[in-house]
Amino acid sequence: LKLVDLPPASTHTPVQKILVTLELVGGGFSVHTHPDATGNFVLWNLRPGRYDLRPSLGGRIVTFARGGQNLRPDGFRLARGGPPLRIVLSEKASSLLVEARGLPANANHLVVLLAAADPYLGLRHSCFQSPLKDHEAEFPYIPPGRYRVLIIDSQFLAQASAYAPRYPDFLKNRATPVEVLSGREAKVTATYVDGNTIKQAVRHSGPHPPQQH
């Protein structure tokens with residue numbers, strides 16, 4: 001594991017603090033470990049199958065390969081033997097400004113949820129969140145990539161945060177897509193999603209997703 005595009009030394013995460021997790025597609029089995037100070041690590045007792053890569057750092061995966069073969073970090077096949085995995089994780093950050101529209105007249109405690117919609121985002125099963133103030137919310141430090149924007153009541157934050165990054169169809173027709181480019185401030189206008197719509201989407205999505213470590 002190698003980190004690039006590092007922020008100032010006082011704020012960047014040492015490579016040995018990053019938890020590298022491989023989760024079997026479909027859940028039910030995962031292994032994880034921390035690299036040493038050089039970025040090398042060993043994951044023991046892996047089963048052959050398809051895995052998702054989940055680093056604990058919210059950067060962007062710029063390289064994921066095994067030998068000369070480039071891999072996708074979601075659903076890659078892992079068999080016994082072969083060359084080691086090579087992961088390069090960028091800590092480069094950009095910013096996003098969200099403007100709200102279609103808010104109810106009595107709206108209080110609204111939050112903007114930013115769900116990853118990109119397999120190369122390190123924390124793609126997690127969400128960024130920011131309170132909505134004066135019809136705006138700012139995300140000043142996020143990795144470049146594709147996201148889905150939802151403006152919701154804060155009481156539905158836990159449910160939406162659990163489902164939105166894991167299920168692409170969750171509120172698909174109500175979320176606002178946005179791409180945040182490297183080194184540029186992005187801006188997007190998003191609409192409010194009411195509580196009944198969120199409840200219905202949760203019912204249609206099935207069981208509650210597994211909790212993240």
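**Chat about cores, rings and a hairpin**

User: Hi! How many aromatic pairs does a search of the whole structure find?

Analyst: Searching the whole structure gives 5 aromatic pairs. Rings of Phe, Tyr and Trp (its six-membered ring) pair if their centres lie within 6.5 Å; planes under 30 degrees apart count as stacked, over 60 as edge-to-face and the rest as tilted. Keep in mind that this is a predicted model, where local features need pLDDT of at least 70, side-chain atom pairs count only at pLDDT 80 or more, and totals for chains, interfaces and linings use all residues. Residues are numbered from 1 along each chain as its sequence is written, and side-chain values use heavy atoms, with hydrogens and water left out.

User: Okay, why is the pair of Y51 and F76 called tilted?

Analyst: Their ring centres are 6.5 Å apart and the planes are at 35°, so the pair is tilted. It links distant parts of the chain, with Y51 in strand β4 (residues 49–55) and F76 in strand β7 (residues 74–78), 25 residues apart. Strands (E, at least two residues) and helices (H or I, at least four) are DSSP runs, numbered from the N terminus.

User: Are Y51 and F76 buried or exposed?

Analyst: Y51 is buried, at 0% relative accessible area, and F76 is buried too, at 4%. Buried means under 20% relative accessible area, exposed over 50%, partly exposed in between (1.4 Å probe, protein chains only). Y51, F64 and F76 also form one aromatic cluster.

User: Switching topic: which residues have the most contacts inside the largest nonpolar core?

Analyst: Those are L96, V98, V112 and V149, in a core of 21 residues. The term covers buried Ala, Val, Leu, Ile, Met, Phe, Trp, Tyr and Cys residues joined through side-chain atoms within 4.5 Å.

User: And which strand gives the largest share of this core?

Analyst: That's β10, with 4 residues. Apart from this core lies another, of 20 residues, including L1, F29, Y51 and L57.

User: Last one: how do β2 and β3 pair?

Analyst: Strand β2 (residues 20–24) and strand β3 (residues 30–33) pair in the antiparallel sense over 4 bridges; pairing needs at least two DSSP bridges between the strands. V20 stands opposite T33 in β3. The two strands form a hairpin with 5 residues between them, and G26 in the turn has a positive phi of about 95°.
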